[in-house]
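Here are a few notes to read with the model open beside you. Take them one at a time and find each residue as you go.

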Amino acid sequence: ADENIPKPVTCISIAAPYVGGSNWKKAHQHLESTGKLQYIRVANHKDYVTIIPFFAVNFGLYKHAGLELKLFDNPRLFSLLYSKGKAWKRIWGNSLFTNLNIQALLNHSPKEYDRRLANIKEHLSGIYLNEVVSTNWPGLLEHA
């Protein structure tokens, strides 16, 4: 039963595609706001796998939920923020149409994720998920 599960449940996904629609995102946000769930998505900038599939016949447009740790190619650049719902801009900016090259495929590789995470390790070492999802967190961290 639910009362036997320690709260919050913490999930960290890496390089995950979209997985749900608007109702799924609302339910996810409710679990976060009630302290039952903490979720962080790690995504490389220009990893087009993290923005597909765009939509499903039964669900409409897919949505991301949770806190996103976006890793950029610049060795010290990252962002940590909640999704703002600007899906079309993100889809076009990361799409195959604007990234049709070998680097677009390499951005999804485990080796590239390892490299980018290693580049920001020292910058993230003092940040704790419990603090980030608390009401005291300013909601956005960008480091350059």
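1. Start with Asp73 and Arg116, whose side chains meet in a salt bridge, at 4.0 Å from N to O. Keep in mind that this is a predicted model. Asp73 sits in the loop between strand 5 and strand 6, while Arg116 belongs to helix 4, so this pair ties together parts that are 43 residues apart in sequence.

2. Arg116 has a relative accessible area of 3%, so Arg116 is buried. Asp73 has 47% relative accessibility and therefore counts as partly exposed.

3. Stay in helix 4 for another pair. The side chains of Glu112 and Arg115 form a salt bridge too, with 2.6 Å from N to O. These two are 3 residues apart in helix 4, so about one helical turn separates them. Glu112 is buried, at 10% relative accessible area, whereas Arg115 is partly exposed, at 32%.

4. The structure holds 6 salt bridges. One of them joins the side chains of Lys70 and Glu68, at 3.6 Å from N to O. Are Lys70 and Glu68 buried or exposed? Both are buried, so by the cut-off used here each has under 20% relative accessible area.

5. Next, the nonpolar side. In soluble globular proteins, nonpolar side chains tend to be buried together. Here the largest nonpolar core has 14 residues. Those with the most contacts inside this core are Ile40, Leu67, Leu69, Leu71, Leu80, Tyr113 and Ile120. Strand 2 (37-44), strand 5 (67-71), strand 6 (78-82), helix 4 (110-124) and helix 5 (129-133) each supply at least two residues of the core.

6. Pick Leu67 and look around. Setting aside neighbours within four places in sequence, Leu67 is in contact with Glu32, Tyr39, Ile40, Arg41, Leu80, Leu81, Tyr82, Leu129 and Val132. Of these, Ile40 and Leu80 are also on the list of residues with the most contacts inside the largest core.

7. A second, separate core has 6 residues, among them Tyr18, Val49, Ile51 and Tyr62.

Notes:
Residues numbered from 1 in each chain as written. Predicted model: local features only at pLDDT ≥ 70, side-chain atom pairs only at ≥ 80, totals over all residues. Heavy atoms only, no water. Core = buried A, V, L, I, M, F, W, Y, C linked by side-chain atoms within 4.5 Å. Buried < 20%, exposed > 50% of the residue type's maximum accessible area, 1.4 Å probe, protein only. Helix = DSSP H or I, 4+ residues; strand = E, 2+ residues; numbered from the N terminus. Contact = heavy atoms within 4.5 Å.
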